[in-house]
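Welcome, and thank you for taking a look at this one. Please keep the sequence and the model open side by side while we walk through the sheet, the cores and a few individual residues.

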Amino acid sequence: MKRKTHKTRRQIQAQKVTIASKLVQKANSVFNPLETLVHFHEYTSKDCAVIQLDCKRVTNLLPETLTWIFNLLELNMKARYEQSNWGWNKIAKEAELTENNAWYLIASSEGKMIGFSHFRFDIDNAVEVLYCYELQLEALERRKGLGRFMMNCLEAIAANNKMQKVVLTVHKHNPMALSFFYKLNYKMDVTNPPPSDGVDYMILSKQNLQHV
Ligand SMILES: CC(C)(COP(=O)(O)OP(=O)(O)OC[C@H]1O[C@@H](n2cnc3c(N)ncnc32)[C@H](O)[C@@H]1OP(=O)(O)O)[C@@H](O)C(=O)NCCC(=O)NCCS
């Protein structure tokens with residue numbers, strides 16, 4: 001009689017990680033993840049400004065683009081980080097922003113950069129995800145629909161690359177960002193720490209509905 005072979009939980013987990021890492025590797029090997037998503041190349045904002053989106057790997061960014069990214073992040077977030085348990089560590093932040101696997105979605109209007117998202121294809125809790133590390137707009141460019149357009153673009157990039165979901169971390173004391181992500185239907189991720197952990201951030205996510 002043939003003996004049934006049952007896979008252990010550890011074997012199933014290892015198999016999931018192998019599949020996830022192949023998908024992440026494949027996504028990272030694409031030159032421009034935005035190329036085929038033509039609906040996301042251009043956006044006309046609520047005040048009729050025409051905005052272009054570009055997607056590049058960190059290694060293909062010009063030094064002046066990186067300087068603008070650091071400066072905008074510092075301007076938008078330094079005070080919030082200082083209020084949180086994380087504190088503001090400029091050197092560590094710059095290192096994170098320039099790690100080799102960082103991708104950037106950059107919004108420009110009339111040749112001027114006005115917003116960016118730093119994202120990565122990654123394995124999180126044994127599944128393949130698009131992790132949105134940052135979404136930062138210049139102050140004058142907010143509440144015109146651009147943030148929503150950029151998140152929709154990241155969701156399309158995730159789906160196109162067979163990532164299971166878009167995941168992000170948000171400070172609990174950033175009500176503007178929380179209202180924004182809740183409005184876009186982001187929900188508490190399974191990896192969100194329990195209240196007993198006492199952390200001052202939340203992990204939110206949105207499933208890729210095309211994922212089977
Ligand atoms: C958060 C941020 C990316 C949102 O982008 P945005 O282009 O301003 O947002 P949108 O115009 O696409 O807003 C979509 C919806 O989100 C909600 N929303 C956005 N900003 C909001 C705010 N300040 N207060 C309450 N709700 C808000 C609204 O429901 C809005 O729809 P509406 O304008 O039709 O009412 C932008 O405000 C920003 O760059 N903030 C500073 C950096 C930051 O905190 N980033 C998040 C880090 S995790």
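## A bridge between two strands

Phe121 has Leu130 in S5 as its bridge partner. In this predicted model, local features need pLDDT of at least 70, side-chain atom pairs count only at pLDDT 80 or more, and totals for chains, interfaces and linings use all residues. Residues are numbered from 1 along each chain as its sequence is written, and side-chain values use heavy atoms, with hydrogens and water left out.

Strand S4 (residues 112–124) and strand S5 (residues 127–137) are antiparallel partners, joined over ten bridges. Helices and strands here are DSSP runs, numbered from the N terminus (H or I, at least four residues, for helices; E, at least two, for strands). Two strands count as paired if DSSP finds at least two bridges between them.

Ser108 stands opposite Met113 in S4. The hairpin of S3 and S4 has two residues between the strands, and Glu110 in this hairpin takes a positive phi near 50 degrees.

Contact means heavy atoms within 4.5 Å.

Is Glu155 buried or exposed? Glu155, which lies in helix H4, counts as buried because its relative accessible area is 18%. The cut-offs are under 20% relative accessible area for buried and over 50% for exposed, with partly exposed in between (1.4 Å probe, protein chains only). Leaving out residues up to four places away in sequence, Glu155 touches Val166, Tyr186 and Lys206. With Lys206, the side chain of Glu155 makes a polar contact of 3.3 Å. A polar contact is a pair of N or O atoms within 3.5 Å; within protein, one must be able to donate a hydrogen and the other to accept it, and residues adjacent in sequence count only if both atoms are side-chain atoms.

## Two nonpolar cores

The largest nonpolar core has 40 residues. Those with the most contacts inside it are Leu34, Leu105, Phe119, Phe121, Leu130, Met151 and Ile157. H4 gives the largest share of this core, nine residues. A nonpolar core is a set of buried Ala, Val, Leu, Ile, Met, Phe, Trp, Tyr and Cys residues joined through side-chain atoms within 4.5 Å. Leu34 touches Phe40, His41, Leu53, Asp54, Cys55, Leu105, Cys153 and Ile157, not counting residues up to four places away in sequence.

Leu72 is in helix H2 (residues 63–83) and counts as buried because its relative accessibility is 3%. Its contacts, leaving aside neighbours within four places in sequence, are Phe116, Gln136, Leu137 and Glu138. The C-alpha atoms of Leu72 and Ala139 are 67 residues apart along the chain and separated by 9.5 Å.

## Loops

Arg143 lies in the loop between S5 and H4, and its phi is near 60 degrees, a positive value in a residue other than glycine. Arg143 counts as exposed, at 81% relative accessibility. In the loop between H4 and S6 sits Lys162, with a positive phi near 60 degrees and an exposed state at 54% relative accessibility.

Gly198 is in the loop between S7 and S8, and Gly198 is exposed at 52% relative accessibility.
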